[in-house]
Amino acid sequence: MLSHSDNGKYTAPSSLSAANDEDRAWIAAVLAGERQAFGHLVVKYQRPLYVALRRLVRQHDDTDDLLQEAFVRAYQHLKDFDCNRPFYPWLHRIAVNLAITFIQRRGRLSNFSKLGAEEIFPTAPEEDDPDKTTERVELLAALEKAIARLPAEQRAVLLLRTREEMSYQELSERLGIEIGTVMSRLARAREKLRAWLRPYWETTEVEKKKR
Amino acid sequence: MSKVNLDCITATQRMHEFLDNELESTMRAAMERHLGGCADCSTTLAQLRRLENAHHQLDGQLKPPPEAYWQVLPQKVMERVRASERRRLLALPRLPRFKSPVERVPTANKLPTSNMLNLPPAVRSFLNGTLKYALPLAAAAAFCFFMIRELRRDDGLVEKSTMQASDSTLQSSAAAKKTDREAREGVASVAQPVNLEEQPTALRNAPTKTQYLPASPLAISKEHLEIKFDSLAVAAKLESVAAGGSGAMAPHHSAGAAASFGQRQESTSPGSVASFQPALPRDSIKITPPTQLLAKAEDQLADTGASRLAQGDVAGEFRPAAEMPERDDKAQEPQALRAPARASESRASALKMNRTAGESDASKFSQVLQQAQQTADLKQREKIWRDFLATEPDSSSRGLAIFHLAETLAAASDSTSKLDQLEKNIAYFRDNAAVIRPRMGEKEFDREVARLQTLLAWRKSSQKP
């Protein structure tokens, strides 16, 4: 499973913001012409960056492509990086920008929405109650398919808000839209998901009452 | 602080802001109070929070990649880095794209990418942007320009060399047309001699052949022929001056002369007219006004018979030199310039007197012609011409007057019923055939005479009892 904090808010590992000296040394080596030194930076930040991208892009192949592209862009613009600041937030911002562009271009993921729960979650989480597990898997699969059905602009706002916990002001700046547009797109996306998932919730509540 | 009371509509609208902690404190307090008393809005909020939790749970359910993936990823990244560097070295054109993610990152000391030559940003942006499209556009524009120029060169514009080669032929045809027209109308401008002393500047400034090139081969103007003749006159005058002759010769403005000259020029190489070297013996060149030549021809007719003149040996009319009868052993001489074998000073003075007389005859003839053309009555027109012939027996335009009188009589024959008048008209045609035939044309003359005879025969037969 992809790591996440208990309250659902993802934060970068503390080690990522503290290893500035190590990062600075590798960056200096790369700028001096030692290209292979950049590999150390890739090994260090590939997993958290993958998680961040996967939560936004949702599929592994797309995440892999964007991850490699993010590292290549970082290498090409290494001269622009201010070594007095931490490296990962800068790298993370490049990756999120790539993901935003990808989401906006992708449109509705109609093929993904047709997949079944077992195809989306081939390995179900282990729980004591298999019925609850099944319900949860089905609900999550339904949610995944519902997200794929959203329009690109609504999906981008929703995922950036829920995964990256960006404020309305940040969303307005990153996406280049008004704050009112951010609020309206977010509201529409949530209302659609709530409507699509209502049958699952109502079924669950009925089952609970029966028990 | 005043309390804000929300209704369900407002609460539903601001629910998402409340969920995301984006409401200000006053509004947030009002929302909490409303949610405490409204079951529907509370249910909506609960569902939204459940959805948020589902998002977080969803990420946890995503299957992570295998461990081998993390071993391969650094190598794949470095390969991609090397490929990007190779692409940059080859300076492959980049397709226009949106603003890159890195460009959105606000960082200090931001330097442009691909700056191996350390060019200024403005120059780099120009090379990467404008120049990329400017060069192909410039090449296309240059190609179109040269194609259009080549097409225009072949369309409508005549090369100078082509004009020079066909100039003589064009002069012949144009001169023939002009002479024909003027012979019919008796335009006096043909017989307007120009005194060299009076108009030296015009002749001096006569353009050379290479300078005057009309756009169309058929558009040779009268001025062109006259200018050419002026050049000829200058050359002839120079020749006569060099030979010690009189300088009082009047240049010949006959179109036939110019045409003859032009035809002779076929054998010469194209070039400046001023460089023309006449092939005639110097002492044989005499330039005579066409009116005087006509009078002289009539005198010769009386002396030698009509054989020569019947074949069109009259000044002012162009005939190819090959068709002209040989008058003497100098048959190669142009007709317009043909002159008596011997020249003398007395002859030059006689020409001078004739030139003056010719000017007055021509003007009078033109007046009579105009008067006759304005008269619709055929009898009156006949009277005008007969009076002219009677009062001007020595006029240089006598031949033309006879021709016009013959035309008037032919027209009048159609309406007359008098047989004797018809016979007189036919006799007039025959008696003056030498004068009328060359102006009317041989076939036309014969046709007209035959018509009059037929008309006479028919009138005779109709009047028989």
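At what angle do the axes of helix 18 and helix 19 of chain B cross, and within what distance do they come? This is a predicted model, and in it the axes of helix 18, residues 433-440 of chain B, and helix 19, residues 442-463 of chain B, come within 6 Å of each other and cross at roughly 120 degrees. The crossing in which helix 18 of chain B passes helix 19 of chain B is right-handed. On the side of helix 18 of chain B the contact is formed by A433(B), I436(B), R437(B) and M440(B), while helix 19 of chain B contributes E442(B), E444(B), F445(B), D446(B) and E448(B).

The secondary structure of chain B consists of 19 helices and 0 strands, and that of chain A of 11 helices and 0 strands, so that, read from the N terminus on, the elements of chain A follow one another as α-α-α-α-α-α-α-α-α-α-α. Chain A has 211 residues, of which 54% are buried, whereas buried residues make up 39% of the 465 residues in chain B. If one takes the contacts in chain A between residues at least 6 apart in sequence, 66% of them join residues at least 24 apart; for chain B the corresponding share is 65%.

For the model as a whole the scores are ipTM 0.79 and pTM 0.43. Chain A has a mean pLDDT of 79, with 73% of its residues reaching 70 or more. Among the elements of chain A, the lowest mean pLDDT, 49, belongs to helix 1 (residues 14-18), and the highest, 93, to helix 4 (residues 60-76). Over residues 1-16 of chain A the pLDDT is below 50, and this stretch has 30 contacts in the model beyond near neighbours in sequence. Chain B averages a pLDDT of 68, and 48% of its residues score at least 70. Within chain B, confidence is lowest in helix 11 (residues 255-264), where the mean is 41, and highest in helix 2 (residues 15-19), where it is 92. Two stretches of chain B with a pLDDT below 50 may be noted: residues 206-220, which have 28 contacts beyond near neighbours in sequence, and residues 305-344, which have 66 such contacts.

Some details of the backbone of chain A deserve a careful look. Most residues other than glycine have a negative phi. R58(A), although not a glycine, has a positive phi of about 80 degrees, and this residue lies in the loop between helix 3 (38-57) and helix 4 of chain A. With a relative accessible area of 4%, R58(A) is buried, because the limit for burial is under 20%. E165(A), likewise not a glycine, has a positive phi of about 55 degrees and is placed in the loop between helix 9 (152-163) and helix 10 (168-175) of chain A. E165(A) is partly exposed, with a relative accessible area of 27%. In helix 10 of chain A, the residues Y168(A), L171(A), S172(A), R174(A) and L175(A) are buried, and just after this helix G176(A) takes a positive phi of about 70 degrees.

Returning to chain B, L405(B) is found in helix 16 (residues 398-413), and at 0% relative accessibility this residue counts as buried. Leaving aside residues up to four places away in sequence, L405(B) touches E382(B), W385(B), R386(B), L389(B) and Y428(B). L405(B) and I384(B), which are 21 residues apart in sequence, lie 8.8 Å apart in space from C-alpha to C-alpha.

The cysteines remain to be considered. A search of the whole structure finds 0 disulfides over all chains. C8(B) is in no disulfide, and the nearest cysteine sulfur, which belongs to C38(B), is 3.4 Å away; a disulfide would require the two sulfur atoms to be within 2.5 Å. C8(B) counts as partly exposed at 37% relative accessibility, and C144(B) counts as partly exposed at 43%.

Definitions and conventions:
Residues numbered from 1 in each chain as written. Chains lettered and ligands numbered in written order. Predicted model: local features only at pLDDT ≥ 70, side-chain atom pairs only at ≥ 80, totals over all residues. Heavy atoms only, no water. Axes fitted to C-alpha atoms, helices over the stretch in contact; angles between N-to-C directions. Helix = DSSP H or I, 4+ residues; strand = E, 2+ residues; numbered from the N terminus. Left-handed = near helix turned anticlockwise from the far one by under 90°. Contact = heavy atoms within 4.5 Å. pLDDT = per-residue confidence, 0-100. Buried < 20%, exposed > 50% of the residue type's maximum accessible area, 1.4 Å probe, protein only.
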